[in-house]
Each structure stands twice: as C-alpha cells, then as structure tokens.
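Please open the structure in a viewer and keep the selection tool at hand.

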Amino acid sequence: MDILTLFIVIPVLTITGLVLVRDIRQVRIVAAAGMGLQLILSAVLVYLYLSVRHSGNTDEMLFVRDLVWFKSLNIHYAVGADGISVAMIALTSLVVFAGIFASWEVDFLPKEFFISLILLATGVFGFFISIDLFTMFLFYELAVIPMYLLIGIWGSGPKEYSAMKLTLMLMGASALLLLGILGIYFNSAPDGGQLTFNIIEISRTTIPMSAQYLFFPLTFIGFGVLGALFPFHTWSPDGHSSAPTAVSMLHAGVLMKLGGYGAFRVAIFLMPEAAKELSWIFIILTSISVIYGAFGAIVQKDLKYINAYSSVSHCGLVLFAILMMNRTAMNGAIIQMISHGLMTALFFALIGMLYGRTHTRMINEMGGLMKVIPFLSVCYVLAGLASLGLPGLSGFVAEVTIFVGAFQHPDLFHRILTIVATTSIVITAVYILRVIAILLLGPVTNEHYNHFADAKWFEKVSAVTLISFVALIGLAPYWLSSMIGTSLQPVLEKIIAINPF
Amino acid sequence: MNFNYTLWILAVPFLMFILLGLAGHKLKPGLSGLLGTGGLAVITVLSYITAYLYFFRTGATEGVYTKISAFNYTWLQLTDKLHIDIGVLLDPISVMMLVVITTVSLMVHIYSLGYMKGERGFERFFAFLSLFSFSMLGLVVATNIFQMYIFWELVGISSYILIGFYYEKPSAVRASKKAFIVTRFADLGFLIGILILSFNTRTFDFITLTDPAGPAITQTGGAAFLGLSVITWSMILVYMGGVGKSAMFPFHIWLPDAMEGPTPVSALIHAATMVVAGVYLVARMFPIYFFAAPAALEVVAYIGAFSSLFAAVIACTQTDIKRVLAYSTMSQIGYMMLALGVSGYGGHDGLGFMASMFHLSTHAMFKALLFLCAGAIIHAVHSNFMTDMGGLRRYLPVTHLTFLIACLTIAGIPPMSGFFSKDEILVAAFHHSWFLFGVEYAVAGLTAFYMFRLYFSIFWGNETHYHHTPHEAPATMTIPLIILAAGSAFAGFIPFSRLITSDGVPFETEIEWAVAIPSVLIGLAGIAVAFLMYSRRSGIPDRLAAKFKYAYKWSYNKFYIDEIYLFITRGIIFRYISQPVAWFDRHIVDGTMNSIAAVTQYISFRIRRFQSGQLQKYAFVFVSGAVLLIVLLVYLWNQ
C-alpha cells in the first residue's frame, strides 16, 4: 500500500476502533492514538517527500497511485502529492491532532462526536491526496456531511439554523462545482479521445476558451464559497459561532483551505487562460473581502465572530494572492493557508478553553484573564500576534510573500489593489489588540475568575502543538517556501505559456 | 578581518529572551536579572571590540570607511531577485549604534536590578528587555531594508509589551495599544514604500541601494505622480515609518502616553534607542534621499523642525516630569531629523549628517540619564508630578548632581557634549536655510527654559511636605547615573567627524563661534528665566499662565491633537465604517442569503399542493392540461 492511501486507511481504522470501544476513556485514547499516528505519518511523508525531491526527482506528483474504479466514466482512484499537498496534509494532521485534545472533555455522546470528527478529517485528507477530480469531489462531500451533524448536535446557540445554513450554502457551492467539474471532464479531450478526470492529464491539454469562460467562474466561485469569498461568506460567522470547538478548529483551520487549494489546483491550474481574463472581477471581490472582513471584525463582541470575520479577511488574502498568478504571490497564498490554518485553529481552541471556564464568549463580559490564567492568555496573545503579522511568527511570512509577490504584477491596477490590501495589517492590529486589551489585560473583572485553573495537560498539548509550528514557520520559512515554490512550476509554466512577458 | 563573531551580538540576547521567557518563572528572580544583565554585558564587550576593530584597525581602506557585510543568510527567497536576508552590516553608523545601544541598555539593565526589585514579573521584565535589545540591534545591523522592517516591527512589539508591563493598570493598557496602532499605521507607509522602492530597483540590499553609482540612484526617476518621481514618493512613504517610530508630528501622540511603562523602559526605548530608529532609517538611506529624492529630504527637514518647535512649546507647560522629558525627546529627535534634512553628501558638505549622528549619540546618553534620574526621583517621592516635589537636592545628592549635568548638556552649555553636537546641527542649518536656523535657535532657548524649569522645581523651590523622608537610590541605580553623567559630560570630545561621515571620508570640523556664542547665550537666557520663575515658589508662572490664557491652555492640552485622533478613530472609523460594515454584512449580504432561503421555502410551500395525493385532483390537472395542449396545437396548426 502506498503512503498516501494510508492517510485514509488510518482514520478509517480509527473510526472502526471507536465503534468497538466502550467508555469515554477508551474513546479518547483511540482517537488520540489514531490521530497521533496520523501526525507521525505526515512527518514521515514530509521527510520522504523532501528526500525524494532531494535525490533529483522532478516529477509533478510523487507517490502516485492510480486504480480504476468506474470504468465507463473513466473515474479513477488516483492519488499523488506535490509539495503543496504535502504541506496541506501536514497542516490537516496537526489541526486534527490538536482538535482531539481540545475536545478531550466532550461528554455528550463522545463516541459519536469523535467518529464524526474523524470522518470529516478523512474527507479532508482524501481531498488533498486526490488527483482525480471526481474522487476529489467525493471526498469533499464526505467532509461536508459530518459537519452538519457536528454543528447540529454538539453545537451551541442557534445550532440548527447555523448547521442548515452552512450545509446549504456549501451544498449550493457543490452544485456549482459539480457543474464545473463535469464541464472540465467533457472538455478534457478537445481533440477527441478518452475523456478524463485526472488533473495531471487535463493540465497537459488546453480546454477550449468558450468552455473555460463558462466553467472557470463556476469552479472558482464553488471553491470560493468554501474559502469565504465575499459575498458568499456569511455561513462562516454563524457556522463558527455555533460549532463546537474542535469543529470550528477543523473548519476554519482546514476546511476553508479546501477552497483555496481547490481554486488553485482546479480552477487556475486547469483553466489559466480564463483565469487571466476574468481574474480582475475576483481580485476586486477578494480585495473587498480582505478589508471588509477586517473592518467587520472591529465591532464584533463575540470572540468567535471576531475570528470568523478575521478569517474572511485572511482567506480573502489567499484567493487574492492566487489570482495574482505569479510564483511569489501563489507561494504566499499557500503559506497563508497553512499559517492561517494553524493560527485560527489555535484561536478557536483557546476560545473553547476560555468558554469552558467563563461560560461566555462575549468579550465585554470578561476581563483581566492574564492574571488568573496566564498560560492560556499568553497563548492567546501569541495567536493574536501571529494574526496581525508579527515577524517571527507564520503570519508575517505569508503576508510579506503575498504583498511582495502581488506588487510585482506588471499591471498598475493590480499594484494599487495590493496597496489597498496591505492596509489590512493596520486594521487587523486594531481588532486584535482591542480583544487582547479587553479580554486579557486590565484588572480582573469578576471575582469568580480568581478560582480558575490554568490550562490542563491536554489543553497544553493542543495549544503547544499549534504554537510551535506557527513559530517554526515564522522563524525558518525557507524550507516551506522552497518546498512550495518548486511545486508551483507546472502552474507557472502554463501561465507563462499564455502570456510570456 | 573576519567579523563573523558579530552574529553573537544578535544571538546572545535572543537566546536570553527564549531562556528567560520559557524558564524565567522557574528561576529565582535575582538570577534571571543577573542572567539578562550578564548577557548584555557580553554583547556590550563584543560591540566595543567591534568598534575598536572597525574604526581603528580594519574598517578603513585608504582612509575611507567602507560597508562590510559581516554575515548574510538568505532567510526567505521571494522572487528571483528579491530575497529577505538576515545579516550583519558594519559601517560607521551601525557600529556607532551598536556602541550606543549596548551602553545605554547595559546601564538600564543594571539600574533595573535595583529599580524593579521585588516587582511581580521581574523575570518577565528582563526577558522583554532582552527581546528589545535583540530587536534593536538587529535593526541597526540590518543588511537590507526588509530585515530592518522585520526588526522594526519587533521593536514595536517589545515596546508594546513593555509599555503595558503593568498590564492590570487600564491606562498602561490603553497607552500600549495606542503606541502599537499609531506606529503600525506609520509602518504601513514604510511597507508600501519598500514595495514601491523594491519594485523599481529590484533589490532590498542596502549596499546596492545606497551606492551613489548604483542602480537605485542612477537608473530610476522617469514616471512621476503629482509632480514627484516614484522614488520620491517611496522615500516619503518610507520616512512615514520613521515619523511614526520617532514620534514626529503628526504621529507623536503615542510617545507621551508611552510613559506609562516602567521608567527604565522609558529611558531605554522611549528616549535613547527605539525612538531614534527613524533618524537612523533616514541616515541609512541617506544617499537615496540626497541624490534621488531631494524633495523627500526637504520633507524630513521641515517635519523635524516643526516637531522640535511644537514639542518644545508643549514641554514648557506639562507638569508630569516624564511627559516633559517625552516632549523633550520628541523635540531633540526633531533636531536630528532637521540635521539630516539640511545635510549635503560627502566630505564637509555632509556636516548635517555627521551632526545628526553625533547628536543621536550624545542625546542617548543624556536623555537616558534624565529618565533614570527621573526614575530615582519618582522612586523617592512616589509621584510623577513636579508639583509634588521641591527641595530634593538635600535628600538626593547623586541624583541632583547627575540631573544637573544632564540639564546643562541638553541646554548646550560648554563643555558638555550637547554643546558640541547641537552646535554642529545649528551650523549645518545655518548653511542651508535661515528659516530653519531661526526655528532651531528658538527651540534651543525653549529647551534650556523647560529643562531648568524642571530642575528648579524638583531640586530647589519650596520643600513639599513628604510623607516619609525621601532617600537616595541604592548603588545599582546610582552607578549607572554616574557613568551616564560622565558620558554626557565628555562625549563631546569624541572626534566624530573623523569617524562618522555621510560617505565614509573623514573630515575636520571646528566650532563656528559666530553660531556657537549666541546659542550659548540663548541657552543661558532660558536658564535665567527658569531661575527667576521657579527657583523659589513665586507667583510669576501662574500670572503668566493667566495672562496668556489661551496659549497656555492650548499648549497644556497638547494642541488637542489627541482629541483629533480620537475623533477620527472613534467617531469616523469605528462609527461610520466598522459598524455600517458589520450591519451591512448581517442585514444586506446575509439578509439576501436568508431571503433566498425564505423565498425557496415559500415557493415550495406553495408547490407542495400539487403533490396532494388526491387522485381526482391529479386527474383534473391531467385532463385540463391535455385539453390546453390540444387547443394550443390546433391554434398553432391553423396559423
């Protein structure tokens, strides 16, 4: 069995294990062991990937495996990984691992909770390893369904409404996506011959322009909804605020990345000509996302809403950078996805931990937490600093790569929009510091707080795992950036072929 | 000569920060203080060795000081040409800054051992001081503009954390937030400036950028926007970052509030080192300003001159001693900016450049000294306000004497160092513009006045009734005062023009008495006025304040700049942008989504009647549909 398939097999085995075990202790152990194994496996994958690349292998995809499972439509179970998917897989295993520990104390139907959570993760892993459009789509749907259950059953607040809204909007997006994917499929062999869903094979042909004009917007918006593209982002604040901690983590940390990754891998990679022509519309929309999300976050009072809007802003930057279609900006987009995934997961984990103590998420109702729970507060500050792009943490690396990359665009209009997008660094600082000041600093506002216990061991595991990678990327970004950079080559060749400037 | 070891100047404080930050609470407070101070002592020694080797052994080739890239590591490759490096660049100004920063920082570390003793979070304090030292040193030795930006942000965050060190105090929290956001806004300009500059020059590297024969200066120009070249715009934007960090008008509002931090922090960050980063930035990029963006250099000069006058006027009416010193810092930095703005390039033309760097060093000494003295005074009387002080000369003899030396230095009385450095600035201004020269003369008088106003009200005047007798600070606090006082007194005799010049070529200077004598006289006049008004408790200040009521009120309220900012942030951005955006999002964007859902629901509610399950209804619909179709077909057939 190849290493990539293991990424689906392990979660499936974990789920089987979870079905068999009896009490909550065993549930936790099986879930943690399974996802711990997954984390180790992804470390092995990164190592293998780098050593294979180091030995001079320049294939587009490594660890490729291709099995036909539906002959008449030429659907394959085809997996393969390049630097980008390896990075996304590593991100996913980190976030899932931290998510398991962040939901250590779920006591309502814990078994079912962890099963759904890991099922969701399975879908995400499958999505990132697939290079067959149909299989990819299948895994994507696999991730959306458990999300509905997780929010609807374990959520809080208006959970049915939020779950329904989120699922319906994502399903609507899937409908667009399915159209887009079928459109690509039927145009995958313009000169006649076998139609295919295989991304690599499609990328070697050029889809006719008329088809691209139709299907590029469909796929881009389809993935864009998931990546919180303005104005299709409204599922995000409600969904996040109702979702339980681990689901928010996975959702903002990983599921939203499916959007960025898909937009990059499918929409731009397969239809670069239309992307070039139509990108200006979406660049305007994403610039709006960046600023609008940040301004929206300033006045929010619920911690999860703040992060939801902040995610709109940060994920907007991902799509913004992808649309700039040059090496540096795209590289920055991928780093931003990873960075944002880690730090939002951290944010939501911490919000869950705070909520467990204060039983509120309204910032005005809390205050002075730094004194009573210093560990969690310092973690929160670190997450905030990563979010506002402090050098030494991952957010900075992502942002400067994006800004410098986007500013290299030969067109003045794009450079001006880049300047517009850079203003987000100030607005972000405003809302992050506002939250830190109200929530953590100042005198202790409630005397019950003095009895709070600081982080428990499992909470520390969760937070420290995420923080160490935020810092690692921030301090030594070169390896990640070059791992992604080499994998951008196929896309760039296609882009340069249409517009050699 | 191999300067590889200079890497340790950055590595030691960084490691110390990690150590104290992660394990500080497990160590005894005293030990973490000593570790932090010891680490700093090591890098101070290294810096002095570097300065010696650079200036007197290997830095100069054929009498000209060159830029040496001691160490350079590619941190992040961005495009083919653009890459962010982390490295160490040695040239006269960076070596000078190494010496200045480590000296002041070491003094502040030693002083803090006494000042912060017994405070909660003692080890945290030293961890952050190490972080600050690391960031500041990384800023000055930057080999490229992006490294500078990185460390620029890091000093910003260190400053944020240290201003808010007493995080349970709401005013400290507010001040730290304000400082960070105001400077962050200015840094946005810096970042955009870097983007534009690097887009046009294809490099971040300082050696290439500042080479007068290099591509940055010779090949650009061309495209213009609003009458100024692109490079000029980018340099003005870069300068915006410097304006923020150096608390120049109009981004100065964070500095007085930053005095909420512990006093050693004010001495180190908000007087001696971080706030001069803006001056250093302009000095670092000086050839570009001079050759490619002279208009931007004029901006530098006028903003510097205006800030120095503006701050000096405000300083005359403030009563919190740390705030007086903060405005004085702003005013003195204005001097340095002005000196750069009026400077030429190369040899004696670069007098302003040299004077600016000279004043930067002497100012670091005497302003740090003033703040540390202020700390000792506050330590003794437990108040920041000079109205609560008076007659302290008998209780605090060491502090009194060192404070007096510092006041004489800032007032520019010979033979103190401030006399020499200020004189060079005035000469440079004199040769450039009469107007700026006149402004700076006035500022010199005001400076002497407000400093001695402070001095006389604290140490002379009527003795206030103290709750318990003030006593002199412990030795850990007085020794740094004495060392810094010696530095302020004698630093003027360092032959700066032979070491630090705009193009690395040494030149000779001598005092221009025609400029120097009047400036000393103005200084003495300021002192005399202050003596008359404040040496004994007299009614003169109150009567003057009453007579010039509006002038006094405007100055006392800092010309209401804070209120203007508050109006913009609270009134406009918060109320007229953010809240509408949030409302729009909830009600319009999301409302649309919800109404799509509602419409769908409504329609399906209607449509479901078709699926009633009643056979006769189905039959009716079927038959009437069939009839309708037939009618239609017949109609069409007959057409």
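The model is a predicted one.

**Chain B as a whole**

Select chain B and display its C-alpha trace, which spans about 115 × 65 × 55 Å along its principal axes. The secondary structure of this chain comprises 25 helices and 6 strands. Of the 639 residues in chain B, 56% are buried. When contacts between residues at least 6 apart in sequence are considered, 81% of those in chain B join residues at least 24 apart.

**A hairpin in chain A**

Select residues 62-70 of chain A, which form strand β1, and then residues 75-81, which form strand β2. The two strands run antiparallel and are joined by 6 bridges. One pairing may be picked out directly: Leu67(A) has Tyr77(A) in β2(A) as its bridge partner. Together β1(A) and β2(A) make a hairpin, with 4 residues between them. In the turn, Asn74(A) has a positive phi of about 60°. Is strand β2 of chain A mostly covered or mostly uncovered? Strand β2(A) is mostly covered, as 5 of its 7 residues are buried.

Two packed helices are described by the angle between their axes and the distance between the axes.

To view the contact, select Leu117(A), Leu120(A), Ala121(A), Val124(A), Phe127(A) and Phe128(A) on α4(A), together with Ala246(A), Leu250(A), Val254(A), Leu255(A), Leu258(A) and Tyr261(A) on α10(A). By class, this contact of α4(A) with α10(A) has 12 nonpolar residues, no polar and no charged ones.

For the second pair, select helix α6 (residues 159-186) and helix α9 (residues 235-242) of chain A. Here the axes come within 9 Å and cross at roughly 135°. That angle makes α6(A) oblique to α9(A). The crossing of α6(A) and α9(A) is left-handed. Residues of α6(A) in the contact include Lys159(A), Ser162(A) and Leu166(A), while those of α9(A) include Trp235(A) and Asp238(A). The contact of α6(A) with α9(A) consists of 5 nonpolar, 3 polar and 3 charged residues.

**Backbone features in loops**

Most residues other than glycine have a negative phi, and most peptide bonds are trans. The next selections show exceptions.

- Select Phe230(A) and Pro231(A): the peptide bond between them is cis, with omega near 0°. Pro231(A) belongs to the loop between α8 (209-226) and α9 of chain A.
- Select Phe249(B) and Pro250(B), whose connecting peptide bond is cis with omega near 5°. The loop that holds Pro250(B) runs between α9 (230-245) and α10 (254-257) of chain B.
- Select Ala247(B), found in the loop between α9 and α10 of chain B. Although Ala247(B) is not a glycine, its phi is positive, at about 55°.
- Select His382(B), in the loop between α16 and α17 (397-411) of chain B. Its phi is likewise positive, near 55°.

Which of these residues is buried, and which is exposed? Ala247(B) is buried, because 29 other C-beta atoms lie within 10 Å. His382(B) has 12 other C-beta atoms within 10 Å and is therefore exposed.

**A buried leucine in chain B**

Select Leu369(B) in helix α16 (residues 351-381) of chain B. Leu369(B) is buried, because 31 other C-beta atoms lie within 10 Å. Apart from neighbours within four places in sequence, Leu369(B) is in contact with Thr402(B), Ala406(B), Leu481(B), Leu484(B), Ala485(B) and Ser488(B). For a distance, select Tyr73(B) as well: from C-alpha to C-alpha, Leu369(B) and Tyr73(B) are 37 Å apart, and they are 296 residues apart in sequence.

**Where the chains touch**

Finally, display both chains. Their contact takes 41 residues from chain A and 37 residues from chain B. Among the elements of chain A that give two or more residues to this side are α6, α11 (272-298) and α18 (424-440). The side of chain A that touches chain B has 26 nonpolar, 14 polar and 1 charged residues.

Methods:
Residues are numbered from 1 along each chain as its sequence is written. Chains are lettered from A and ligands numbered from 1 in the order in which they are written. This is a predicted model: local features need pLDDT of at least 70, side-chain atom pairs count only at pLDDT 80 or more; totals for chains, interfaces and linings use all residues. A residue is buried if 20 or more other C-beta atoms lie within 10 Å of its own, exposed if 12 or fewer, and partly exposed in between; C-beta atoms are placed from the backbone. Two strands pair if DSSP finds at least two bridges between them. Axes are lines fitted to C-alpha atoms, for helices over the stretch in contact, and angles run from 0 to 180 degrees between N-to-C directions. Angles under 35 degrees count as roughly parallel, over 145 as roughly antiparallel, 65 to 115 as roughly perpendicular and the rest as oblique. A crossing is left-handed if the near helix is turned anticlockwise from the far one by less than a right angle, and right-handed if clockwise. Two residues are in contact if their C-beta atoms, placed from the backbone, lie within 7 Å. Ala, Val, Leu, Ile, Met, Phe, Trp, Tyr, Cys and Pro count as nonpolar, Asp, Glu, Lys and Arg as charged, and the others, Gly among them, as polar.
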